[in-house]
Amino acid sequence: MTARSLDWESGQGERKWRRRSLWALLLLVPLALAGQAYDSVKTLLGGEDLFPRQVAWGQSAHFGGSDWKLTDLRGAFGMSSLPPDSVPVLADFSVKVGDPDLQKLWLGCKVMLIDAEGRRWSPTSAVSLKAPGDVHTCVSAIFSGARRGDTLNLRETFLVPRQATKTIRPAVGLASERPHFLFFQLEKD
Amino acid sequence: MFADAAKPLALTLKLWWRFWPQLVAMVLLGIVFGDLFMQIAARAAFLNHMAGLALLTLVALTQLTVTVAMFQTLLPALPATRAAQQAARSEASGEVPSGGARLARMVTVALLPFFAYYAAWGFLGDTVRQYSRVTLDMAPFGESAGNVLDVLDSRWLVLSVAISWLIRRFANAMQKRGEARSFWQIVVVICETNWIFIGLYVISRWKDDVVGWLMSRNIFSVLQAAADGMAAPIASAFADPMVPVEVTSVDTTARLVNLFFYMLLPVIWLVLAALIYGYDVRDDKELMRAHQRVERLGARYSTIPKFLRDFVEHFISGYRSRYLPIANGVRITLSSGVVLVVTLIVGYRLVDWLAAWAWLGTTRLIGPHELDTWQVLSHGVSLLFGSPFQDSSTGILVEPLRICFLAAILETAFALPKRQTSGGAQPTGPKGAAEVEAQNA
Amino acid sequence: MMRKMANVILLLLATALCYGLQVSKPHYAELIGPIPAYGKLGDAVVGRGFEARAAKVAFSRNLKVDRYGQTKVFTTGGIWAVVTVEFAASAQSTTVAVASWRGPTGLAYDQTERLSFADGLLPVAIDPGLPKKARLIFEVRPDEVSNATLLISEKLMSALDSQAEISLGPVAAGADGLPAETVDTLDLTQPI
């Protein structure tokens, strides 16, 4: 066998391997990415409220082992010492506890208001309105020692610009349910 | 002069263009299997810490195999290197193993120097750290897996060495009987990797202990104080004035030492490349003499148990086939002219530097995001340009370029006309190189 | 001889080049560091989660603060720099918690912790559509006042997240080395 034919043969083999490798890349790139990013994607999905689950007005939805129902959303107008054009908004929920292991299921509980543009407001500490004794916030309810079948009354207070109050709707996210979250429709919807 | 420097650069691009699909695919295979073995090792560590560490060997071995395979891929495009290789082989036995057996042999030959390099630059520690981090992540919350590295300080280590020696012996026997030779060859390689991996890591740990013990002796501190006093008599005579910490800086010596090692790393990689291309020497008299001396010394150890001796011999007596090529590789590099060495160092570091800036540029291009989102995105960026820790270059855009560059430098060194006229002392047979080039042309 | 000289010069050049590469190569901390959003005093600097506009900078020798109904005066060995900043949240409620003052020589001063009880300091919670003012108070050396940069971020480890970098411009120094506009006492009990 001459050197020339050897070269030619190895050239053939090389071209074959080049083609094979190009095809393999199609498989290997996603595989390598998936292998490396798997844990991070899991963390990302477990930490963000990404996919809304719509809840019609007056309906309750099973979420984090309990049944959630929006009972009221109203503005508290006429308060002094607030930034101009801002309105405190109260969101009231009634939650029938199913699985009482709230410390696990309700971890990372986050109630928010979302407007038509997708802007999100978290509960504020700038306004504190007096509430009846048996009203909890989402976080304090975790430690309320509620049992199966109990009904918890939750209230969160927000501070929202006046022009946003027309389109805001409340939403609830729990670590145990993320990336899904509850998105409540209002009476007027 | 500039033409000399430009030649390897042009060759680098030519190699890259000709082989990039294969090279990228290999890097990706390395990433996939490295991840896989790391996960397996971490899971095994829950059952048994020793087993976890033994499996960790596979992670390092994967990286080595990928590197070796990448260099092998480039070989058809390196006529001068191939000619040198053939000349060396014909001077030796003349036996040409092929296929998987050749790769396995290549891995074995490169094993110790690769790991030595790996350990010297602290990468072995990186792998081990990564491993303990993965096991920590895996441990269920509130439940500790314990220190998975505690085995490194126990006598179970000896047991592990003994077990892998037994397996290796068995594999050797099987290989001699001629059943599935390349498979048993691979088993042998894995066992040897295990020794070296554990051995080097333990040595580097014990070295710290020994230094710590020395430092804790009073004699030593007296000596050191004396030495310090001699070195800086005036500074120590007066109390140092209070200097705000932000005004102090790293002193020049430390900076120079850093720079030296920064510039040395490319040379070491070139040596590894030379080694992988199997550039063996068998007749270097100077080195042979040293070898015989060591062998005589080694004879005294023949009284210790055989498996321990085998283990120790990996570090001592096996060096003839393993270290001589290194010594020779250094010689090739340094004798191939300042221009080439400078091209090697600057070019290698430039690749490095560009990769880091590409990383930074990409982050700016993608823009700010929440940490969890960036955790995901960063895997994509790392896949392209290597990890931001810069502890291993596994970026699919960087690693192939680096390998091509090293191969191109080596090829240029072998093809230098100077070597062909005054190469009588060189065992590579520059005549052969010229012949093959003529044939190719 | 000429050749040797040329080689030595080449090696020295390479060493210098390598040193340059080594020094200018971004390190891990920079690769995963915050992503700056640049601006000047008075500009609205837009980051990912928040917007910041440094309205004005005031310098004083003393600060007057209300503490549980009592008025207290804080002195300093350097100088108090008080920056009034207007914050706005972009798409969701967030908290801006970290600010530092980077002087012209690179010394960075975190916000003072001596006044942690006072109102209107960081951390400040901001909601979309509801801009809010806050004071950032630093205790700095007088020679770190001119051409300083204000660094503001949501949290301490803002890896690859926005950091507002607001250059505050030159400040004319008076005869005593302090900025010319330094007041004796700044009254923080006044609303912002």
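Predicted model: local features only at pLDDT ≥ 70, side-chain atom pairs only at ≥ 80, totals over all residues.
Biologist: Why is the pair A:Glu14 and B:Arg18 called a salt bridge?

Modeller: The closest N and O atoms of A:Glu14 and B:Arg18 are 2.7 Å apart, and because the rule asks for a side-chain nitrogen of Lys or Arg within 4 Å of a carboxyl oxygen of Asp or Glu, the pair qualifies as a salt bridge. Across the interface of chain B and chain A, the rule finds one salt bridge, and it finds five residue pairs in polar contact.

Biologist: Which elements of chain B give two or more residues to the side that touches chain A?

Modeller: They are α1 (2–47), α15 (371–385) and α18 (430–440) of chain B, with the largest share, 13 residues, coming from α1(B).

Biologist: How do the residues on that side of chain B divide into nonpolar, polar and charged?

Modeller: They comprise 13 nonpolar, seven polar and five charged residues, and the contact as a whole takes 25 residues from chain B and 21 residues from chain A.

Biologist: What makes up the area buried between chain B and chain A?

Modeller: About 2,100 Å² is buried between the two chains, 62% of it on carbon and sulfur atoms, and B:Asp372, B:Val376 and B:His379 supply 23% of the area that chain B buries against chain A, more than any other three residues.

Note on methods: Residues numbered from 1 in each chain as written. Chains lettered and ligands numbered in written order. Heavy atoms only, no water. Contact = heavy atoms within 4.5 Å. Buried area = accessible area lost by both parts, 1.4 Å probe. Polar contact = N/O pair within 3.5 Å; in protein donor to acceptor, adjacent residues only side chain to side chain. Helix = DSSP H or I, 4+ residues; strand = E, 2+ residues; numbered from the N terminus. Nonpolar A, V, L, I, M, F, W, Y, C, P; charged D, E, K, R; others polar.
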